[in-house]
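Trainee: I would like to learn how to read charged pairs and helices in a protein model. Could you take me through them step by step?

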Amino acid sequence: MTYLGRILFLSILLVFFVKQSEAVCGYESCPETKANMVNIHLVPHSHNDVGWLKTVDQSYYGYKNKIHHAGVQYILDSVVSQLLQDPNRRFIQVETAFFAKWWNVQSETMKKVVTKLVNEGRFEFTGGAWSMNDEADVNYQGVIDQFTVGLKFLNETFGSCGRPRVGWQIDTFGHSREQAAIFAHMGYDGQFFSRMDHNDKDTRMNDLTMEMIWDASESMSGVSLFSGMLYNFYSDTPGFCFDILCTDEPIIDGDSEENNVKQRVDDFISYAKNVSEVYITNHIMVPMGGDFQYEDAKVNYKNMDKLIKYINERQASGSKYNIFYSTPSCYLNSLHQSLESWPNKTQDFFPYAHEKNSFWTGFFTSRPTQKRFERDGNHMLQIAKQLSVLANLTSEQHNKDLDYLRQVMGVMQHHDAITGTEKQAVSDDYDRMMYESIVGASNNARDALRILAKMPDGEFESCLRLNISECAFTKDGADNVLVTLYNPLAHSSTQYVRIPVKEESYQVTDEKGRTVPSEVVPVPWQVLALEYRPNDTQHELVFKAAVNKISSYSIKKVESSEAKHSSLKKINPREDENSETVVENSVVKLVMDNHTGRLKSVEMNGVSEKIVQNFGVYKSHTSCAYTFRQDGDIEVFENDFEFTVYEGSLVKEVHQHVNDWISQVIRIYEGVNRVELEWMVGPIPIDDKLGSEFVTNFKSEISSNGVFYTDSNGRELMKRVKDKREDFVADLSRQPVSGNFYPVTSRIALQDDTKRLILLNDRSQGGASLEDGALEMLLHRRHLFNDGGGVGEALNETQYGKGLIARGKLYLILDSVADGDTVTERKTEKELFLPFWKFFSKTGEVEVTPAKSLPDFNDLPQSVHLLTLEFFSANEILIRFEHFLDKSEGRVISFNIRDIFDSLGGLAIRETTLDGNMPLRDLKRFKFHAQESGTKPSSVEYSTAQHKPLEAVKSDEASLFAVTLYPMQIRTFIIKTE
């Protein structure tokens, strides 16, 4: 059909549709089911990775199909045309990134047609975030943001009919409890997934526990989510893939010797019988689709139409099987109406293994530099969003640049992006997008600071290479440089700042002209030896800065006699006859073993403990981007480490050289109650033709009894027990090490009755406690094995012709359990995740004073985090407040936001669900009963908001702006402005 013919055809159909009675979407549009039969919900879908084997654009446009056949634009074209052929047909769309790209180039006629399909519940959005995010490596802030972006597009485009009610996490490599909590707080009724440890799945199939109520928070009551596991992955029923990418038999129903209707129907009913035997109700869901399927949707639908027709025809002969087109939400609706009770789930679904030799724990660390870059992207996104509000940046270009970073960060949450499980060419494209979007958003930040700091000509440049102690702005000298620091946290913060400089003398002054103590310390020689690093600057200027929201510090080169530097003392311990070197300040004491060069003990917070750090490697023939398969025990690097100590009054550093591939700086700052360990690993050698998993471990004498704790996406802590799982017995016979690794997004800890050892990190990594008192972190990976079934190439990252070098930080805290105070850990997490961002300008003679008063968030309770501050629309601001302590650490708190409301120019305020797109007053979720309650519901039940939503206008009394937060609670508001 020609293009004009197609448009005419659609126009005629549109006229026909308009004449129909008012369409309904949501649960009211679900097909009728039959009470005395097995109801088979057939769910057409296409799983479209936002980058994996091909880049995002290649996958959308159908380019480079020799790599992988994928063309999302054609899939959507084809599906829409086929839905118009039969009102019974349905389809679910998941990834809003692809749909938005397609929608924006459609004609008005096509948009009206699709809107009609959405309003009838036949083209239904499921999941609905910008991408189908990973659940192991992501931080909750990135997940919430990308759902906000995706659901906002759907809401603005289709209204309430475009809002998903069900999560569809079918391809993530394990599932986190925090993800379930996020779905619940957004008002979703449930979720479905298809990856689960093989032992767990076998157990659940035997026990009829494939579907469950997931208690998603230990701190907040009533936060639960119905969660269901698919029977056979997310792909088509075996033997019934009717897509052009498949070779299964079509249904041949003509007058032909090839007629296979009876056999095909028999086979499908046999399969449906097997499925129905492991689920509680008389409803089963059968997904029909797979990776990038439905490019020629008429083939799929024509055969599914026949399958439905001939299976249902058998009902006349006594068959008890009823099949129809459906959606995950309609299936969930049927389960809700069944009035059944369900088993409970309290922990999470990590680690995932599809067989006993394949624990998917490698991706917790895969591509460590990209994982760090993603953190930088989120960091800039939060800063640019906040600054845009504070400076009222609303131009088209500003909005465009900020939206681009929002969307790129949405892509980066994808389960083949932040996980590091994509092809190298795709990884390179992700890096390109992140770099471009960060630069664009940093221009927004620059423009905002020019307004807020009264410096219309200020450069306010960002340095994106500080990870190798290099900044283009200071490479020729740091004389008359203004460093403007932006603090994205709610409360004032004091942090140490490091600026790459030449080895000269400097004076640092604050905004009031007061001299600030500073020190110049050397950059480790291993960093200077990086072949591609310009070595104009070989030192770093260190000073302590206190920032509420925005503060500037001036750096001036001076004669050495004028400098307020403390003298830096260099110590070569091997020249000392003592057996140990003590490195200490007023709050932390480190003891180094002079013979081995290793950390020997730590004393802080009134606690002393023997802590020995080692580095080691697990060798592997068959590890890949996804899995960590060790061939044998860890090979610890037993050699003595060379080390040098640099002592100043502000910072004390131990520079260690482990071997040709590993170096580290152990660092303590005056007044800071933690130990910073900046590691550098690579190039990982491959001379032995084996893959390597490089780890570091910390061994103490703490009696942890196999118990340790890891964070869930940066929020609540999950209790882990070595070799144990919550609901099943894991087969660890082949991989006893890999099977005990868990995702660590921000924190891992262990303790006994008196002492607690904590490690915090600067990117997601795999972590474990493989013996009492020990914590181990997987830092870097390099492998030569092509897994053959997934990404299709080895995880062999190179840069400049050599193996990739990664540099990152761990932070160690030793504390007393008697105090029961883990609040400091929480505050440290926030400070490390969103530290000051440094902007550089030339000072000139400009007087730096704020141009206008800024909203003061300092009056918020100390346990309240400003999670989000951003423009939501032209005259609306979205703001989120988070109580970041859990129920063991904090209590219920109340505060008033009237002053913040007024300072932002508020006219009205309304509370919404977590994603910001639905008024909280409209929240109405399915309520499911737990089996442990001993009762079944007598009628369908629903849950609504657990507190009265805040809604007020400018003329209302201040008391109406009171906010109460329970531990771990996040509340989301939209402020309408002038």
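Predicted model: local features only at pLDDT ≥ 70, side-chain atom pairs only at ≥ 80, totals over all residues.

Trainee: How many salt bridges does a search of the whole structure find?

Mentor: A salt bridge pairs a side-chain nitrogen of Lys or Arg with a carboxyl oxygen of Asp or Glu within 4 Å. Searching the whole structure with that idea in hand gives 67 salt bridges. One of them joins D296 and K298, whose closest N and O atoms are 2.9 Å apart.

Trainee: Are D296 and K298 buried, exposed or partly exposed?

Mentor: Buried means under 20% relative accessible area and exposed means over 50%, with partly exposed in between. D296 has a relative accessible area of 23%, so D296 is partly exposed, and K298, with 44%, is partly exposed as well.

Trainee: Which residue forms a salt bridge with R667, and where do the two partners lie?

Mentor: The partner of R667 is E653, and their closest N and O atoms are 2.7 Å apart. This pair links distant parts of the chain, since R667 belongs to strand β30 (residues 662–669) and E653 to strand β29 (residues 651–657), 14 residues apart. Both R667 and E653 are buried.

Trainee: What does the salt bridge between E876 and R910 tie together?

Mentor: In that salt bridge the closest N and O atoms are 3.0 Å apart. Because E876 lies in strand β45 (residues 876–883) and R910 in strand β47 (residues 906–912), the pair ties together parts that are 34 residues apart in sequence. E876 is buried, with a relative accessible area of 14%, whereas R910, at 27%, counts as partly exposed. Salt bridges can also share partners, and in this way R498, E540, E653, R667, E676, E678, R807 and K809 are joined into one network.

Trainee: Turning to the helix, which residues of α8 are buried, and what covers them?

Mentor: In an α-helix there are 3.6 residues a turn, so residues three or four places apart point the same way. In helix α8 (residues 198–207), the buried residues are H198, N199, D200, K201, R204 and M205. Their cover includes β6 (211–215), β7 (224–229), β11 (344–345) and β12 (353–355).

Technical notes
Residues numbered from 1 in each chain as written. Heavy atoms only, no water. Buried < 20%, exposed > 50% of the residue type's maximum accessible area, 1.4 Å probe, protein only. Helix = DSSP H or I, 4+ residues; strand = E, 2+ residues; numbered from the N terminus. Contact = heavy atoms within 4.5 Å.
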